[in-house]
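Hello,

Here is the model we talked about. Please have it open while you read the notes below.

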Amino acid sequence: MKSLQHQLSVLLGLSLLGVFILFWWFSIKTIHQVADDYVLTRLDHDSEAVVKNLHLKNNQWHLDIENIEPIYSQIYSGHYFVVKVGQQTFKSPSLNHYPMLLQAWKNSDNEKRNYETLGPLVSEGHREKRSKLLVLATKTSKNNVPIRLYVAEDHSPIQESLKYFDWVFGIFAVITLLLLYGLQKWILKRTFTQLEPIETQLKELEITHQFSIDHTQYPKEMASLIEALKDALQQAAKQLKTSRQSNANLSHALKTPLNLAFQILEQVAINPSPDNLQLVQQQMQQQLSKIHHLIDRELKKARIASDAPLSNRFDYKHDLKALADSLKQLHQAKNIQLEIDLPNLPGLVIEKEDGFELLGNLLDNAFKWARSQVTFRLTEQLGCTTIMIEDDGQGVSDELLNSLQTRGFRADESTPGHGIGLSIVKDLVEAYSGELQFSPSDLGGLKVQIVFRDLCTR
């Protein structure tokens with residue numbers, strides 16, 4: 001099992017590392033560029049001074065070296081220049097005949113460009129070291145004569161200082177990164193410790209079967225998870241209560257036919273005559289049939305899937321058509337016309353088998369009592385889904401309307417059936433948070449209306 005805390009630590013650590021590497025590279029690059037720009041600015045000023053002291057006399061160019069910075073006259077001072085004007089070349093005395101690299105110019109080059117090259121040997125303590133020159137090359141003109149000017153400065157001392165800064169800054173950045181990573185791990189660990197009471201509550205749930213926790217004591221991001229957990233536990237408690245109630249109902253319902261069956265068997269022991277045996281057989285068949293239908297009813301009720309994940313939903317366009325075709329075939333002798341008013345809406349979300357059970361019982365009842373017409377309508381309005389089924393049968397009296405939902409009630413004992421169809425319908429409607437209503441139909445028969453207020457299109 002993967003640790004969420006470990007994953008967050010790794011991802012945040014990598015993010016910090018990436019940010020620090022980018023910050024370190026950008027800082028070093030910027031500081032080095034600022035240092036080079038500073039040196040180049042000084043070289044540009046010196047270039048202007050060199051050109052200013054370059055004069056044309058008697059068709060010959062002369063350079064007044066005395067008027068230029070004295071540092072250019074000191075041998076290997078670290079400051080050098082080379083001037084090419086016409087066929088003449090002037091070099092600073094500081095070069096002392098050292099052949100400084102002069103890069104060739106291209107037509108596409110700008111008037112100013114810079115590059116780095118090796119300079120003369122300089123003493124550093126007890127050893128000599130090759131200097132590094134930063135050269136500013138400039139194309140200009142004077143008296144309409146093109147001039148090529150190369151001014152250089154040994155920037156090795158600056159580079160050494162920058163290298164030392166790079167190491168110090170890098171070490172400081174690594175230490176800061178480690179401190180931030182440790183602080184981040186501590187914050188994550190402290191945050192996850194806030195979830196420990198939930199674990200304690202879940203362990204107590206195994207013993208007390210109670211889950212009471214205030215989501216306001218936890219991070220806002222956990223509120224929805226805690227509420228979902230509460231809902232799941234409440235749903236589980238509801239299912240457990242329903243299961244216990246169903247078992248109790250079935251047990252009580254089975255007591256009467258079983259007691260009667262035992263009494264019938266005792267009668268056989270007292271009077272085992274052939275006529276009595278035939279009567280006993282009929283009575284036993286009746287009681288066993290009642291037991292069978294009681295069990296069948298409870299099994300159907302237990303199978304209701306409103307609280308289970310809907311992996312297979314009832315399709316109103318295809319499944320309802322298949323159900324209608326089956327009922328028409330079953331009642332083909334009556335030649336009943338079924339009118340279906342199904343708008344272009346997804347309809348109530350219901351498990352497929354529950355949909356067949358609910359609509360099958362209601363439509364089958366309507367087909368039984370209808371003379372020639374049955375209508376089915378589905379509407380959705382103001383957050384409610386309504387299913388309405390009507391028939392043009394003889395209808396029922398006002399006294400019977402309130403009795404139709406009674407478990408086991410049958411409006412006409414002459415019609416085959418066991419009176420549990422509408423009871424199953426009632427259980428299904430309640431399971432999906434609906435309301436079942438019976439009223440006279442404008443067609444003359446019965447109108448059954450189911451309103452789902454809490455479980456509409458989702």
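A residue counts as buried under 20% relative accessible area, exposed over 50% and partly exposed in between (1.4 Å probe, protein chains only). By that scale Phe-23 is partly exposed, at 46%.

This is a predicted model: local features need pLDDT of at least 70, side-chain atom pairs count only at pLDDT 80 or more, and totals for chains, interfaces and linings use all residues. Residues are numbered from 1 along each chain as its sequence is written, and side-chain values use heavy atoms, with hydrogens and water left out.

Now the rings. Rings of Phe, Tyr and Trp (its six-membered ring) pair if their centres lie within 6.5 Å; planes under 30 degrees apart are stacked, over 60 edge-to-face, the rest tilted. The structure has four aromatic pairs. One of them joins Phe-23 and Phe-169. This pair is tilted, with 5.9 Å between centres and 45° between planes. Phe-23 sits in helix H1 (residues 4–52) and Phe-169 in helix H2 (residues 156–193), so the contact ties together parts 146 residues apart in sequence. Helices here are DSSP runs (H or I, at least four residues), numbered from the N terminus.

Phe-169 is buried, at 15% relative accessible area. Phe-169 also pairs with Phe-165, this time stacked: 5.7 Å centre to centre, 20° between the planes. These two are four residues apart in helix H2, about one helical turn. Phe-165 is partly exposed, at 31%. Together, Phe-23, Phe-165 and Phe-169 make one aromatic cluster.

Best wishes
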